[in-house]
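Hi there,

Have a look at it first, then read on.

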Amino acid sequence: MASLQWSPSLALGVPKMDVEHQQLILAMHRIEELAGKHAAKAVVDAAIQRLVQLTREHFQHEEAHMQSVGFPDRERHALIHADLLAKVGQHYQAFQAGNGQVPPEFLAFLSFWLKSHIQGIDRKYAEHKPAADKPKTDPVAGKR
């Protein structure tokens, strides 16, 4: 399976978030690598747990960033994060209950979700400019 690769099209221009997105992709690659080698269930389990932990931390950082720039859709974005964590949890439970193989649907879900989330909703907060950065307008004349 061809997995998601980091590319300039995924860069948001928010350095901390870009670095963390790259770390998430690398963690996903690690799970793919272990799955391809039919690694022991405990080893794969640890890799999945690492991805989940990185994801939780990243979401906390992203939500703090959105708050710091006054992103108006922060609450909805946080709900999307909670939904993703619930879905990852469901995939993880299925993995734990299984024979140690990582279902291809799980890897496909991770790859699709990361790419669409970064290029979609994350791009919105990256392009949002705090009120202090926006040009001032004269409310009476409507001019800068």
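**A polar contact to begin with**

A polar atom in the side chain of histidine 128 lies 3.0 Å from the backbone oxygen of valine 69. A polar contact here is a pair of N or O atoms within 3.5 Å; within protein, one must be able to donate a hydrogen and the other to accept it, and residues adjacent in sequence count only if both atoms are side-chain atoms. Histidine 128 sits in the segment after helix H4 (104-127), and it counts as buried because its relative accessibility is 17%. For accessibility, buried is under 20% relative accessible area, exposed is over 50%, and partly exposed is in between (1.4 Å probe, protein chains only).

**Ground rules**

Please keep in mind that this is a predicted model: local features need pLDDT of at least 70, side-chain atom pairs count only at pLDDT 80 or more, and totals for chains, interfaces and linings use all residues. Residues are numbered from 1 along each chain as its sequence is written, and side-chain values use heavy atoms, with hydrogens and water left out.

**The overall picture**

The protein has four helices and zero strands, so the order from the N terminus reads α-α-α-α. Helices (H or I, at least four residues) and strands (E, at least two) are DSSP runs, numbered from the N terminus. Of its 144 residues, 40% count as buried. Among contacts (heavy atoms within 4.5 Å) with a separation of 6 or more, 70% are between residues 24 or more positions apart.

**How the helices pair**

The axes of H1 (residues 15-36) and H2 (residues 41-68) come within 9 Å and cross at roughly 165°. Axes are lines fitted to C-alpha atoms, for helices over the stretch in contact, and angles run from 0 to 180 degrees between N-to-C directions. H1 and H2 are therefore roughly antiparallel (the term covers angles over 145 degrees). Residues making this contact include Leu24, Ala27 and Ile31 of H1 and Ala47, Leu51 and His58 of H2. By class, the contact of H1 with H2 has 12 nonpolar, six polar and four charged residues. Ala, Val, Leu, Ile, Met, Phe, Trp, Tyr, Cys and Pro count as nonpolar, Asp, Glu, Lys and Arg as charged, and the others, Gly among them, as polar.

For H3 (residues 74-97) and H4, the axes come within 12 Å and cross at roughly 175°, which makes H3 roughly antiparallel to H4. Among the residues that meet are Ile80, Leu84 and Val88 in H3 and Phe106, Phe109 and Trp113 in H4. This contact of H3 with H4 divides into nine nonpolar, four polar and five charged residues.

- Alanine 47 belongs to H2 and counts as buried at 10% relative accessibility. Leaving aside neighbours within four places in sequence, alanine 47 is in contact with Arg30, Ile31 and Leu34.
- Histidine 38 is in the loop between H1 and H2. Its phi is near 55°, a positive value in a residue other than glycine, and at 56% relative accessibility histidine 38 counts as exposed.
- Glutamine 119 is part of H4 and counts as partly exposed, at 31% relative accessibility. The side chains of glutamine 119 and serine 9 are joined by a polar contact of 3.4 Å. Glutamine 119 and serine 9 are 110 residues apart along the chain, with their C-alpha atoms separated by 7.7 Å.

Best wishes

Note on methods. Parallel < 35°, antiparallel > 145°, perpendicular 65-115°, else oblique.
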